[in-house]
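Open the model in your viewer and keep the sequence beside it. We will go one selection at a time.

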Amino acid sequence: MLLQFKLYLIAVLYFFGALFMIFFPPRNFKLSGSGAKIRMSRSVGHGLKYEKYVDYSDMVTAAERMARDDPGVVRLVRLKPPTAENRSIIALELHSDKQSKKPGILIMGALNGMAWGSPNAILELAEKLLYDSSYQTPFFNDYDWYLIPMGNPDGIHFTQAQRDLQPLNVQEWSQNLTARRRSRPAEWHKNVDRASESDSCFGTNINRNFAFHWQDDVKKTPGRCSQWFPGVEPFSTHEAQALRKYVDRLGDTIELAVHIHASFEPKKELLLYPWRYSKRHPSNYHALQDIGEYAARLSRLPDGRIYEVHQSSNDGRVAGSITDYLTGVVGTELVYLLKPYHRKYPIYTDSKHLKAYVEKAISATLSLVRGWRRSTNQNTLTFFGKDVEF
Ligand SMILES: *[C@@H]1O[C@H](CO)[C@@H](O)[C@H](O)[C@H]1NC(C)=O
Ligand SMILES: *[C@@H]1O[C@H](CO)[C@@H](O)[C@H](O)[C@H]1NC(C)=O
């Protein structure tokens with residue numbers, strides 16, 4: 001009798017369970033009339049898809065392939081104007097669902113001429129969002145993604161093309177034209193635009209060229225030869241003009257923005273937020289710090305350390321950056337500057353260093369998204385002190 005009752009009870013539970021699945025299907029498998037697609041997804045696994053540092057043409061080829069293979073969800077945009085050497089900055093827009101507008105996430109990389117790994121990180125991220133089933137929910141399905149893998153294609157081309165030459169102190173390199181033929185500058189943070197052919201120094205630091213408190217951090221403008229040359233005026237570089245037009249158009253579509261930069265100092269890995277130009281706190285300082293700390297804990301570095309999280313100006317004031325422009329002019333709520341360790345001119349074939357950088361960059365970026373979700377309590381329940389997403 002008791003056994004029968006138990007069986008009966010189990011059958012009823014199963015019945016309700018099945019009904020529940022029918023009425024509330026798991027989101028990954030929902031067939032919806034709203035245009036969301038059942039996508040070919042699989043697990044991409046732990047290996048890198050792009051195993052060497054991508055150059056500009058590799059990046060364009062990869063972006064074009066994604067747009068061709070998945071025209072329903074990927075849109076490729078060529079930003080205007082093109083750079084001084086006639087390369088267009090590429091933006092990849094991923095929309096899991098054409099009908100509904102979702103919170104936008106903007107990811108930008110390689111505004112710095114030496115951040116070779118950053119386009120790799122952003123392409124790998126796109127690849128995972130599009131094709132890896134473990135990234136569909138919550139990341140791909142719940143947001144619209146705007147990815148700019150390479151903000152400074154001329155600078156990246158310049159440094160990669162010279163990688164086999166002997167390094168020379170930048171100051172000397174810019175003054176000694178004889179030595180320049182057989183050497184490369186030991187570091188290069190700029191693009192390669194020129195005021196005139198006769199000028200021996202060239203290049204502008206794109207991430208000092210944005211019109212928000214431009215030059216507010218120095219009394220005297222650094223000269224043309226300096227790696228921090230901010231341009232003759234705000235938005236003098238084609239790159240900053242193109243990025244500005246794009247982010248201005250997106251406006252408040254973007255709720256979270258991450259600039260995937262690089263720290264060129266070992267053991268100094270940072271997760272920073274505005275302001276960069278001023279010691280003053282932004283109005284949402286506490287939210288930025290909290291989400292940053294949460295993300296840092298979640299993306300603990302392989303050697304057990306965690307990212308240092310603080311306002312960028314604590315390390316010195318820097319004016320005219322894209323992150324301050326996003327916060328101050330575009331009005332983006334959450335803006336972060338992510339700096340995983342990246343060697344200067346790493347060995348081009350060393351995929352181990354590349355892989356470490358890419359994994360750190362992606363893990364911290366997605367941890368920021370998780371931190372943000374948690375702060376808004378979006379789709380999160382707490383069970384016995386543990387956050388469970390559904
Ligand atoms: C720049 O590139 C575009 C397309 O790649 C090409 O059509 C155009 O002629 C180029 N302009 C110059 C000045 O080389
Ligand atoms: C410039 O570099 C060349 C070759 O490295 C060197 O021989 C020469 O002395 C340098 N000139 C000056 C003015 O430093």
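How many residues does helix 3 have, and how far does it reach from its first C-alpha to its last? Select residues 117-131, which form helix 3. This is a predicted model. Helix 3 has 15 residues and reaches 21 Å from first C-alpha to last. That is close to the 21 Å expected at 1.5 Å a residue.

Now show the rest of the protein around helix 3. Buried means under 20% relative accessible area. 15 of the 15 residues of helix 3 are buried, so helix 3 is largely enclosed by the rest of the structure.

How do the two helices lie against each other? The crossing of helix 2 past helix 3 is left-handed.

Show side chains where they touch. On helix 2, pick Met59, Ala62, Arg65, Met66 and Asp69. On helix 3, pick Leu123, Ala126, Glu127, Leu130 and Tyr131. Look at the spacing of these picks. An α-helix has 3.6 residues a turn, so residues three or four places apart point the same way. Now color the contact by class: 7 residues are nonpolar, none are polar and 3 are charged.

Finally, zoom out to the whole protein. Its secondary structure comes to 11 helices and 12 strands. Of its 390 residues, 53% are buried. Among contacts with a separation of 6 or more, 76% join residues 24 or more positions apart.

How values were computed: Residues numbered from 1 in each chain as written. Chains lettered and ligands numbered in written order. Predicted model: local features only at pLDDT ≥ 70, side-chain atom pairs only at ≥ 80, totals over all residues. Heavy atoms only, no water. Axes fitted to C-alpha atoms, helices over the stretch in contact; angles between N-to-C directions. Helix = DSSP H or I, 4+ residues; strand = E, 2+ residues; numbered from the N terminus. Left-handed = near helix turned anticlockwise from the far one by under 90°. Contact = heavy atoms within 4.5 Å. Nonpolar A, V, L, I, M, F, W, Y, C, P; charged D, E, K, R; others polar. Expected span 1.5 Å × (residues − 1). Buried < 20%, exposed > 50% of the residue type's maximum accessible area, 1.4 Å probe, protein only.
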